[in-house]
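Dear colleague,

I am handing over a structure that is new to you, together with some notes on what was found in it. Please have it open while you read.

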Amino acid sequence: MRKVLKPVHIWAIAVGLVISGEYFGWNYGWGAAGTVGFLIAALVVTVMYICFIFSFTELTTAIPDAGGPFAYAYKALGPWGGLIAGYASVIEFLFAAPAIAFALGSYIHFLYPSVPVIYTAIGSYFLFTGLNLLGIKESAFFTLIVTLLAVTELLVYLGIVAPAFSVTNFMNNAFPLKWSGLFAALPFAIWLYVCIEGVAMVAEEVRDIKKDIPRGYISGILTLLILALAVMICTGGITDWRLLANIDYPLPESIGIVLGKENSITRLFAGIGLFGLIASFHSIIISYSRQLFALGRSNYLPGILSQVNSRFQTPHWALLAGGAAGILALLLLDTSKLVVISTMGAVVMYIISMISLFVLRKKAPELERPFKAPFYPWMPLIALLLSVLACVTIIVFYPWLSLLFFIGLALIGIIFYIGRHRPIPVS
C-alpha cells in the first residue's frame, strides 16, 4: 500500500474518526446520569483517553502495521492475544459505523421527513464504501476536507447556542437518581472519543511513521477534548436537557430551540451537520477495512480479505465485507445498542493494548521506540485501570449486550482453535 499520509492527514483521520461523537450518541448519557453526572463521567473518560493515546502512540510507532492492536498483541502475547485484540477492534469499528449511519439517516429525515432513516443509512454504505475503493490518498484528502468543515461547523454551533446557555437549565436534574447512573453513562462518555486509535490501522500508509504519527495523534486528541467538553456543556444549558437525551440529532434540534425550527439557519445547520457524520463514517470505513485486511493476511479470517486491488491498491474485499456486516447490524440493532457494543469492543482492546505495552517493555527492550509513553509506567497504568473499570461497568449495566460480545469472541476462538494460522510479519 502507498506511503502518502502526512501529519495533517493523520490529524484529519484521528479527528474525523471521532467527531461524529460530538454530534450524537453522547446525549444518551444524560438519561443515565444527568448533565453534571455525565460531565463527571466524561472527565474520567477524558483522563483515560489522554493516558491511553500517549501510551498507544508508543505501540503505533514501534510496530507500524495495518493490524494495529492486533499486531501489538500478537507480538506481545502470541496468537491468542492477537485474536482477542483483533476481534475487539473489528467489533468496535464495525458497530460504530452503523450507529453513525443511523445518525446520517436521522439528519436527512430531519430535513426531509418523507425520506426513511434506514434508506439513507444503507445508501451511505454503498456511497462511502465505493469512495474508499478509489485509493487511500483520495480517501485521506476527502477526510481532511470534511473534517475541517465538521470542526468549523461545531465552532459555529457553539457561537450560536453559547449565548443561550443558562446555568439554571444545566443544573436542573443535574445528577442521577442513583449514583450507579454515573457508571451506566460511561459507554456514552467513551463515545465522545471512541475509534481515535483507528489511526494505527493506516500506519503502513504513513510517510514518516516516527514523526507523523505522534504529531497527528496528539493534536487530534487535544482537538477532540476541547470540542467534546464545549459542545456537551453548552448544549446542556439551552433548555430542559431531557428533551435532547434520546434523539440522534441533538445539535440541529438545539439550534431549532434557540433560533426556531423554521429559521433558515436551523435548516442550513442540519444540512451541513452531515459533514461531521460523514467524516467519521468515512474514516471508520478506512479503519475497519485495514483491520479486516490484517486479520485476513494472518489467516484469522478468510485470506480473500487480504487481497489488494491492483489498480487502486485498496483492500477491496475487506471493504465490501465490512459494508455487508454493517448493513446487517443496521437491520438488527438500534443506535444505543450499537454504541454500547462498539464501546465494549473498544475497552477490551484498550486493556489488551496496555497489557501488550507492559509486556513488550520487558520482552523486547531492544525494539526501536521513536515515541515513548511519558511518565511510564503511571500513564499506561491509569489507562489500563480505567479501561478495566469501564469494561466491568458495561458488563454490569448491559449484561445481554456484553454476553453477545463474548459469545462472538468464543465462536471466533473456536474457529481459530480448529483452524490454522500463520504469524504476521511484524517487526
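A place to begin is Ser356, where a polar atom of the side chain lies 2.8 Å from the backbone oxygen of Ile352. Please keep in mind throughout that this is a predicted model, and that the values below were computed from it. Ser356 belongs to helix H16, and its relative accessible area is 0%, which is under the 20% cut-off, so the residue counts as buried. Leaving aside residues up to four places away in sequence, Ser356 is in contact with Tyr72, Ala73, Ala76 and Leu77.

Helix H16, which spans residues 335-363, also meets helix H3, which spans residues 28-62. The axes of H3 and H16 come within 11 Å of each other and cross at roughly 30°, and the crossing is left-handed. On the H3 side the residues in contact include Tyr28, Met48, Tyr49, Phe52 and Phe56, while on the H16 side Met349, Tyr350, Ser353, Met354 and Arg361 are among them.

Aromatic rings are a further topic, and the count comes to 18 aromatic pairs. In one of these pairs, the ring centres of Tyr28 and Phe188 are 6.1 Å apart with the planes at 35°, so the pair is tilted. Because Tyr28 lies in helix H3 and Phe188 in helix H10 (residues 186-190), this pair ties together parts that are 160 residues apart in sequence. Both Tyr28 and Phe188 are buried.

A second pair is formed by Phe52 and Tyr350, whose ring centres are 4.3 Å apart and whose planes stand at 40°, so this pair is tilted as well. With Phe52 in helix H3 and Tyr350 in helix H16, the pair links distant parts of the chain, 298 residues apart. Phe52 has a relative accessible area of 1% and is therefore buried, and Tyr350, at 0% relative accessibility, counts as buried too.

Phe52 and Tyr350 also belong to a cluster linked by ring pairs, in which they are joined by Tyr49, Phe56, Tyr72, Tyr193 and Tyr217.

Notes: Residues numbered from 1 in each chain as written. Predicted model: local features only at pLDDT ≥ 70, side-chain atom pairs only at ≥ 80, totals over all residues. Heavy atoms only, no water. Phe/Tyr/Trp six-rings, centres within 6.5 Å; stacked < 30°, edge-to-face > 60°. Helix = DSSP H or I, 4+ residues; strand = E, 2+ residues; numbered from the N terminus. Buried < 20%, exposed > 50% of the residue type's maximum accessible area, 1.4 Å probe, protein only. Polar contact = N/O pair within 3.5 Å; in protein donor to acceptor, adjacent residues only side chain to side chain. Contact = heavy atoms within 4.5 Å. Axes fitted to C-alpha atoms, helices over the stretch in contact; angles between N-to-C directions. Left-handed = near helix turned anticlockwise from the far one by under 90°.
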